[in-house]
Amino acid sequence: MSSQRRGIIRVVPPRSRFKAGLLAVVLLILAIVAPISYLGWRQTVPDVRASLAAPRFLGHTPAFTVTLHASRGSVARAEVRVVQSGRPLTVAKSDTPRGSRVELPVTFQTAALGLREGPATLEVWARDDFWRPFRRGERPIVSAPVTIDLTPPKLDILAATRYVSPGGVQLVAFRASDAQRTDVTVGPRAFPSFAYGPPDKGARVALVALPYDYAAGTPIAITARDEAGNVATRGVAGELKPRAFPRDTIKLSEAFLQMKVPELLPQRPPSQSLLDGFLVINREQRKQAEATKREIGARTAETPLWQGAFTQPRNTKVFSNFAETRTYVYDGRAVDTQVHYGYDLASTKQSPVPAANAGVVAFAGPLTIYGNAVILDHGLGLQTLYAHLSSIEVKVGDRVTKGQEMGRTGATGLAIGDHLHFEVLVSGVSVTPLEWWDAKWIRDRVNRPLKEAGLPEIGGVGAVADDEPARPVRAARRRAR
Ligand SMILES: [Zn+2]
């Protein structure tokens, strides 16, 4: 035991010396390596990064934002330059540290800086205030090729409907070269345009609706914009023919309110009177229907699906007109005023509802005050609406032919008695059906400007000789006056 113990005692000191030595070496290595690796870490901390939706084109007044991120420290300096023919121009600069994330707005006058049309380079330079053992050489953190373009798109109006009226439609044919987007506007409202005719002609057409309350002098214009933000605008000429719209008074009976208000407003609070319920329906639900019409109007075929004149259902009489201003009277007192956006067509109860022209079903179902309704898309933003139906036999996406039965008339929605409420819409804006029931109007106001523009007529030349029964159109026109 003792010899073993002694033996152990003999052995211990060298081991202990060895351990001490090892510790010293480790400490020495740590003393050298730790600062080196710490410095190394500082050196490898990434530079400032930039994120920007780099414009590919710069126009007269470019405006964009460069966002800079420092992974450590703050963004200390940032600069945006445009380099053309080896000459750098500073277009935005920030010199004071402003945190780890900096948004640098860039806006400048291209021509005022002496930049010319043609290729250039957009550079972003930035530094953080984070200390690193070796300072890196100055170089841009972003370098992107750009094209300076100061020439607006070339915009030519090829033809347009000459005579226009409030509540009517104007066809505009035009060509916009080098345009990223074009807008055809009537006052504040924009209408889409569609590539039309032979592709090498590069023509576009738009159907624009003049609202029923269109005020003389409200500009109708085409605006073309290129990717650099250059804009060309042309006013569309037309001779405005005034059109007067009728007025009518609708007496609200207690029986009508008792029947319609619970149907259209099932969640009505018990404290709300029938009249107040009616006013919610007549105002809010009407507005909702208008919004839906605009939404559906935006989903349209890019080519015309219609052929020739639109048809009024056989044996129907117009008993209420387009853009009729209606005063609602309850208990001898005017309680509301609204505009009626379609034609009411009376026939026998549950009459067939034929498609006024060829198209694709864009909507089929309940539509607030319109009750069960069908909206048929005829392309280029042109649509027809059929309301108050008792039954619907088509579904969204169905292709229908002119005259095809889509359902039966009824009195659903805010209807007094069985009838068909019929509307023609252009991008969701109601226009008078009168024009579209009239083969001569389509020939003169739609196909003539297309022909003048050297573009194919819609429905071919045969559209003019459509086998349209003329009588209902004449009857309707008499009433519209
Ligand atoms: Zn109606």
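Predicted model: local features only at pLDDT ≥ 70, side-chain atom pairs only at ≥ 80, totals over all residues.
Residues are numbered from 1 along each chain as its sequence is written.

What makes alanine 323 worth a look is its backbone: phi is near 60°, a positive value in a residue other than glycine. Most residues other than glycine have a negative phi. Alanine 323 counts as buried because it has 21 C-beta neighbours inside 10 Å. Here a residue is buried if 20 or more other C-beta atoms lie within 10 Å of its own, exposed if 12 or fewer, and partly exposed in between, with C-beta atoms placed from the backbone.

Glutamine 350 also has a positive phi, about 50°, although it is not a glycine. You will find glutamine 350 in the loop between strand 23 (343-346) and strand 24 (352-354). With 15 C-beta neighbours inside 10 Å, glutamine 350 counts as partly exposed.

Now turn to helix 2 (residues 254-264), where Lys260, Val261 and Leu264 are buried. Seen down the axis of helix 2, these buried residues fall within an arc of 100°, so they line one face of the helix; the arc is that of the directions from the helix axis to the C-beta atoms. On the other side of helix 2, Glu254, Ala255, Gln258 and Pro262 are exposed.

What covers the buried residues of helix 2? The cover includes helix 3 (274-297). The two helices pack at an angle of about 55°, with their axes 9 Å apart; axes are lines fitted to C-alpha atoms, for helices over the stretch in contact, and angles run from 0 to 180 degrees between N-to-C directions. Helix 2 and helix 3 are therefore oblique to each other, given that angles under 35 degrees count as roughly parallel, over 145 as roughly antiparallel, 65 to 115 as roughly perpendicular and the rest as oblique.

Which residues meet across this pair? From helix 2 come Leu257, Gln258, Val261 and Leu264, and from helix 3 come Leu274, Leu275, Gly277, Phe278, Ile281 and Gln285. Two residues are in contact if their C-beta atoms, placed from the backbone, lie within 7 Å. By class, the contact of helix 2 with helix 3 has seven nonpolar, three polar and no charged residues. In this scheme Ala, Val, Leu, Ile, Met, Phe, Trp, Tyr, Cys and Pro count as nonpolar, Asp, Glu, Lys and Arg as charged, and the others, Gly among them, as polar.

Helix 3 is also the place of glutamate 284, which is partly exposed, with 13 other C-beta atoms within 10 Å. Glutamate 284 and serine 16 are 268 residues apart in sequence and 92 Å apart in space, C-alpha to C-alpha.

Two strand residues complete the tour. Threonine 90 sits in strand 5 (residues 87-94) and touches Glu79 and Arg81, not counting residues up to four places away in sequence. The C-alpha atoms of threonine 90 and glutamate 79 are separated by 6.9 Å. Arginine 333, in strand 22 (residues 333-340), is exposed, with 8 other C-beta atoms within 10 Å.

Methods. Helix = DSSP H or I, 4+ residues; strand = E, 2+ residues; numbered from the N terminus.
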